[in-house]
Each structure stands twice: as structure tokens, then as C-alpha cells.
Amino acid sequence: RTYTPNVDIVETQDEILLYADMPGVSSDKIEIHFEKGELFLHGKVEPRGPEDQRYLLCEYGVGDFYRVFTISEAIDSEKINAEYRNGVLTLRLPKVEAAKPRRIQVAAT
């Protein structure tokens with residue numbers, strides 16, 4: 001089976017933030033790559049109990065997941081940070097200085 005984590009992506013002036021809900025995923029089962037403007041997330045959600053148990057209701061996702069996001073902003077790939085806490089993966093993708101918006105002062109002559 002496959003699993004698709006829910007994701008929120010937020011842009012600030014300095015960075016792009018990605019939040020992915022991944023309950024039950026072990027942090028060592030998450031792979032993250034950033035290459036040529038694309039962010040790749042891959043991982044696996046293991047079953048939460050013995051496979052022979054009889055479920056009365058099964059809503060949690062189980063299986064492999066693979067997501068690809070195209071990032072249009074110029075990202076400083078050396079400063080990308082990933083944190084996994086309480087079932088939520090948080091990725092911080094800082095923008096390079098040249099990509100940050102700046103105000104242009106108009107000179108009067």
C-alpha cells in the first residue's frame with residue numbers, strides 16, 4: 001500500500017517552510033533530497049501492530065510514500081534544516097539573498 005502525508009507549505013520573506021504530517025513514521029525511515037529546484041520526500045510507514053490482527057477500523061496510512069515538490073524560489077541548499085517532532089516533519093528552506101524581496105529606493109533629481 002502507499003501513503004500520502006498531508007503537507008502545508010508556507011512562504012515567508014526569508015524562507016519556505018514545509019510541514020508534513022507523518023504519524024508513526026520513524027525518523028530514520030525519512031529520506032529528503034533537494035536537487036535542481038525539486039524537493040524529494042520518501043519514506044515508509046510501518047504497520048502499527050501484528051499483521052494478523054483484525055482491524056475494526058483502519059484510518060492511519062501505512063506503506064511507502066514519495067512526494068516531489070518544485071520550488072520556484074532560489075534556495076540555499078547548504079542551509080536546509082529538517083526536524084521531526086510529534087509526528088510532524090518541519091523543513092526550513094532558506095532563500096538565497098538574491099531571491100529575497102527588497103525595497104528599491106527611488107531617488108529624486
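Contact here means heavy atoms within 4.5 Å. Keep that cut-off in hand for the opening stop. The model on screen is predicted.

**Stop 1: leucine 18**

Select leucine 18. Which residues does leucine 18 touch, leaving aside its neighbours within four places in sequence? The contacts are Val7, Asp8, Ile9, Leu39, Leu41, Phe69, Leu89, Thr90 and Leu91.

Now widen the view to the largest nonpolar core, which has 17 residues. Leu18, Met22, Leu39, Leu41, Leu89 and Leu91 touch the most other members. Colour the strands next. At least two residues of this core come from each of β2 (15–21), β4, β5 and β7. As background, nonpolar side chains in soluble globular proteins tend to be buried together.

**Stop 2: the aromatic pair**

Select phenylalanine 40 and tyrosine 66. A search of the whole structure turns up one aromatic pair, and these two residues form it. Their ring centres are 6.4 Å apart, with 40° between the planes. The pair is classed as tilted, because planes under 30 degrees apart count as stacked and those over 60 as edge-to-face.

Follow the backbone from each ring. Phenylalanine 40 sits in strand β4 (residues 38–45) and tyrosine 66 in strand β5 (residues 63–70), so the pair ties together parts 26 residues apart in sequence. Tyrosine 66 is exposed, at 52%.

**Stop 3: salt bridges**

The structure holds five salt bridges.

Select lysine 95 and glutamate 11. Check the burial of each end. Lysine 95 is buried, with a relative accessible area of 6%. Glutamate 11 is partly exposed at 48%.

Next, select glutamate 15 and arginine 92. Their closest N and O atoms are 2.6 Å apart, in a salt bridge. Glutamate 15 belongs to strand β2 and arginine 92 to strand β7, so the pair ties together parts 77 residues apart in sequence. Glutamate 15 counts as buried, at 17% relative accessibility. Arginine 92 counts as partly exposed, at 37%.

Then select arginine 85 and glutamate 83. They form a salt bridge, with the closest N and O atoms 2.6 Å apart. Arginine 85 is exposed at 53% relative accessibility, while glutamate 83 is partly exposed at 36%.

**Stop 4**

Most residues other than glycine have a negative phi. Two loop residues are worth a look here.

Select lysine 36. Where does lysine 36 lie? It is in the loop between β3 (30–35) and β4. Lysine 36 has a positive phi of about 50°, although it is not a glycine. Lysine 36 is exposed, with a relative accessible area of 78%.

Finish at asparagine 86. This residue lies in the loop between β6 (81–85) and β7 (88–94). Asparagine 86 has a positive phi of about 55° and is not a glycine. At 75% relative accessibility, asparagine 86 counts as exposed.

Definitions and conventions
Residues are numbered from 1 along each chain as its sequence is written. This is a predicted model: local features need pLDDT of at least 70, side-chain atom pairs count only at pLDDT 80 or more; totals for chains, interfaces and linings use all residues. Side-chain values use heavy atoms; hydrogens and water are left out. Rings of Phe, Tyr and Trp (its six-membered ring) pair if their centres lie within 6.5 Å; planes under 30 degrees apart count as stacked, over 60 as edge-to-face and the rest as tilted. Helices (H or I, at least four residues) and strands (E, at least two) are DSSP runs, numbered from the N terminus. Buried means under 20% relative accessible area, exposed over 50%, partly exposed in between (1.4 Å probe, protein chains only). A nonpolar core is a set of buried Ala, Val, Leu, Ile, Met, Phe, Trp, Tyr and Cys residues joined through side-chain atoms within 4.5 Å. A salt bridge is a side-chain nitrogen of Lys or Arg within 4 Å of a carboxyl oxygen of Asp or Glu.
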